[in-house]
Amino acid sequence: MPDWITQLSLPMPLQWGLGGVVVILIIATLTIALLAHRKPEKNWTELKLRVRTWWWIVAFFSLALLGNKTLAMLVFGLVSFLALKEFLTLSSTREADHVVLFWAYLTIPLQYYWIHITWYGMFIIFIPVYVYLFLPMRMVLIGETKGFLRAASSLQWAVMLTVFCISHLPALLILPETVGKGDIGTGAMLLFFVVALTQSNDVAQYLWGKSTGRRKVAPKVSPNKTLGGLLGGAATTTLIAWLIGPYLTPMSPLHCALAGLLIGITGFIGDIVISAVKRDIGVKDSGSLLPGHGGILDRLDSLTYTAPLFFHFVRYLYF
Amino acid sequence: MPWLRVLFVLLVARPVVKLWLGLTIRHQERLPLTGPAIVVANHNSHLDILTLYSLFPLAVIRNVQPAAAADYFLKNRLMAWFATQVVGIIPVKRGTKKGDDPLAGCRAALADGRILILFPEGTRGEPEVLSEVKSGIWHLAGEFRDAPVIPVYMHGLGRALGRGQWLPIPFFVDVAVGRTHFWQENRQAFKQDLRDCLLQLRDKVLPVKPNEEEGY
């Protein structure tokens, strides 16, 4: 067998975790099929599409957990590429900045390369410092000043959210190995922990918001978000984190619960921040890449907050 | 050399359009798969031809040919070879003197039962601005009255690779195929119908404005 296949290994808790996700998806698929059978007069297409897309997302994400670093970088590099493309397609870029946009895309392979070679110092300052200073310089050399501030800040934000923030996910993967406190399997479990909790938090907030809660948290940005949804969702996420965290991470049960609370609240914030962007631009969905969900940013919105924040939480306390 | 065109579509057009850019298409089923047929599209970028090519199944590609400006694409021998032999354009001479027939190549292609791609605005123009539809399409459709005319609107390509730019930047691209039109006697009405259809398709592919009450 080739080397890279024998390198693939999933730690036991991760197998259980992924198995759990697959079971949930099977239940969801069957439930919808049953409901569609019972009430064929209602339109189930949207929900069916949504779950089918979930299967694809889980399959694609699992590739990053297999323990092969290069594969994981390719997976998240592609995610960043699609997200940046979606962001730039939405935002109004200037024709003059054509070449600058190319440089913005070029940050993706570089950023993931720093992670791959475990160069933490470069990974953490490359975009906030070097790219931050370079992009406006390149724009100034072109010389178009009309709309400069708006174009420069939109681009900075695009790169920060879609490349820098998202790249913290594969950075979690190699974090334990870098500091010699575990292997890539340990990192894969951290990665699974934050992604699974962030996504289940989205679902929990939605369900709690539907069933309880009347007081709106951010009525101008996102009229459907209620305080009940936020609190119920965050509590659920805290509980799940406290239950599964000790198996998946080196954290104590208390720290697991705190991490759950952090993910529950900041996931909500990431969600409404992207909502504000969409509302400003005047679109409902960020794209149409994920049938039933909208665009890729609609799925990544909460992760842009939880990924870097959880990364630094666990890094400060344990690595 | 149709097999060069198939290779070009497989190795260049499709990867560039579907991976580097990213394509959303509405009503692909309305595209003609047999000729003679005329596909009319708005024109903002060199990527337009690549995008239209990537909408067709590979088996059909050998039967699809775009009309393009001879003065631009036949400038030098290398480019002329690439444009006519690989991309497979039908050269159209713009602004020729009386007696010369600029559309002879297009006519031959349709008579041969091929699917002809026309850019009725005549030139790439400003991104996302639809210029007037020229009369050549009316003359052609009049000679081949059985050939359906299918409008296609493409959004976002002028941004990805505009006039004078050489580096295609990734943007998601939206394409919408309109209903089939046929020639009609009134030239102005025919042209207006096509233009209206393209404008209507443009409204379809532009980002959807949300309902104020709706959630996100």
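Helices (H or I, at least four residues) and strands (E, at least two) are DSSP runs, numbered from the N terminus. This is a predicted model, in which local features need pLDDT of at least 70 and side-chain atom pairs count only at pLDDT 80 or more, while totals for chains, interfaces and linings use all residues. Residues are numbered from 1 along each chain as its sequence is written, and chains are lettered from A and ligands numbered from 1 in the order in which they are written.

Most residues other than glycine have a negative phi.

| Residue | Phi | Loop |
|---|---|---|
| T118(A) | about 55° | between α5 (98-116) and α6 (120-142) of chain A |
| H27(B) | about 60° | between β1 (23-26) and β2 (37-41) of chain B |

T118(A) has 15 C-beta neighbours inside 10 Å and so counts as partly exposed; the class lies between buried (20 or more other C-beta atoms within 10 Å) and exposed (12 or fewer), with C-beta atoms placed from the backbone. H27(B) is partly exposed because 15 other C-beta atoms lie within 10 Å.

In chain B, helix α1 (residues 2-21) packs against helix α5 (residues 77-87) at an angle of about 90°, with the axes 7 Å apart. Axes are lines fitted to C-alpha atoms, for helices over the stretch in contact, and angles run from 0 to 180 degrees between N-to-C directions. α1(B) and α5(B) are therefore roughly perpendicular, a term for angles of 65 to 115 degrees. L4(B), R5(B) and F8(B) of α1(B) make the contact with Q85(B), V86(B) and V87(B) of α5(B), where contact requires C-beta atoms, placed from the backbone, within 7 Å.

Terms used:
Angles under 35 degrees count as roughly parallel, over 145 as roughly antiparallel, 65 to 115 as roughly perpendicular and the rest as oblique. Two residues are in contact if their C-beta atoms, placed from the backbone, lie within 7 Å.
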